[in-house]
Amino acid sequence: MRNFKFRAFYRDDISLGTPLLFEQKLVDDELFFVCKEDNVIRYPFSNLFTDDDWIIQQFTGIIDKNGVDIYEGDIVKIFNSDLSLYDLFPFKVYFSEKYAEFSLSGGNSMSWHVCPYHIFEVIGDIIRTPDVMKDKIII
């Protein structure tokens with residue numbers, strides 16, 4: 001069964017350079033986005049999907065080689081089955097509206113599909129660590 005999870009970032013926090021991560025959590029039988037850094041800060045889950053002040057990112061259903069959930073907006077490395085690095089450049093995870101699937105951009109190819117047969121490692125995300133994507137070679 002597919003596990004639907006989301007995380008969120010408030011746009012004003014991003015522009016101030018202090019993006020707080022909000023994760024979905026069930027609190028007293030109600031779904032909220034709760035601030036990971038401060039569990040007191042929380043917003044009703046449904047409100048964020050109608051508010052343009054939030055960036056919502058969905059869980060891909062894939063977990064990286066270290067047990068980390070992979071979300072759209074994450075920056076990942078791809079490994080071969082023998083754990084040798086597939087590509088020297090990082091990839092960004094995004095949702096392809098055209099194909100209705102999670103895909104990858106970057107590296108030496110135009111686009112990849114995100115699938116459980118690849119071995120990934122999350123090395124950042126486009127909100128908190130955008131510089132990871134800037135013409136960097138992974139060593």
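Which ring does the charged end of Arg42 sit over? The charged end of Arg42 sits over the ring of Phe32, 4.8 Å from its centre. Such a placement is counted when NZ of Lys or CZ of Arg is within 6 Å of the ring centre and within 35 degrees of the ring normal. Lys65 gives another example, lying over the face of Phe79 at 5.2 Å from the ring centre.

Before we go on, a word about the model: it is predicted, with local features needing pLDDT of at least 70 and side-chain atom pairs counting only at pLDDT 80 or more, while totals for chains, interfaces and linings use all residues. Residues are numbered from 1 along each chain as its sequence is written, and side-chain values use heavy atoms, leaving out hydrogens and water.

Let us start with strand β1, residues 6-10. Strands here are DSSP runs (E, at least two residues), numbered from the N terminus. Four of the five residues of β1 are buried, so this strand is largely enclosed by the rest of the structure. Buried means under 20% relative accessible area, exposed means over 50%, and partly exposed is in between (1.4 Å probe, protein chains only).

Strand β1 has partners, too. Two strands pair if DSSP finds at least two bridges between them. Five bridges join β1 to strand β5 (residues 54-63), and these strands run antiparallel. With strand β2 (residues 22-27), β1 pairs over two bridges, again in the antiparallel sense. Look for Ala8, whose bridge partner in β2 is Phe22, and for Tyr10, which stands opposite Trp54 in β5.

Now for the rings. The structure holds eight aromatic pairs. Rings of Phe, Tyr and Trp (its six-membered ring) pair if their centres lie within 6.5 Å; planes under 30 degrees apart count as stacked, over 60 as edge-to-face and the rest as tilted. Tyr10 and Trp54 form a tilted pair, 4.9 Å centre to centre with 55° between the planes. Because Tyr10 lies in strand β1 and Trp54 in strand β5, their pair ties together parts that are 44 residues apart in sequence. Tyr10 is partly exposed at 23% relative accessible area, whereas Trp54 is buried at 7%. Together with Phe22 and Tyr43, these residues form one aromatic cluster.

Next, the nonpolar cores. A nonpolar core is a set of buried Ala, Val, Leu, Ile, Met, Phe, Trp, Tyr and Cys residues joined through side-chain atoms within 4.5 Å. The largest one has ten residues, including Ile62, Val76, Phe91 and Phe120. Strands β7 (74-79), β8 (91-96) and β9 (101-106) each supply at least two residues of this core. Another core, of eight residues, lies apart from it, with Phe22, Phe33, Leu48 and Trp54 among them.

Ser96, in strand β8, is buried with a relative accessible area of 6%. Its side chain reaches the backbone nitrogen of Tyr99 at 3.2 Å. Asp69, in strand β6 (residues 69-71), has a side chain joined to that of Lys5 by a polar contact of 2.3 Å. A polar contact is a pair of N or O atoms within 3.5 Å; within protein, one must be able to donate a hydrogen and the other to accept it, and residues adjacent in sequence count only if both atoms are side-chain atoms.
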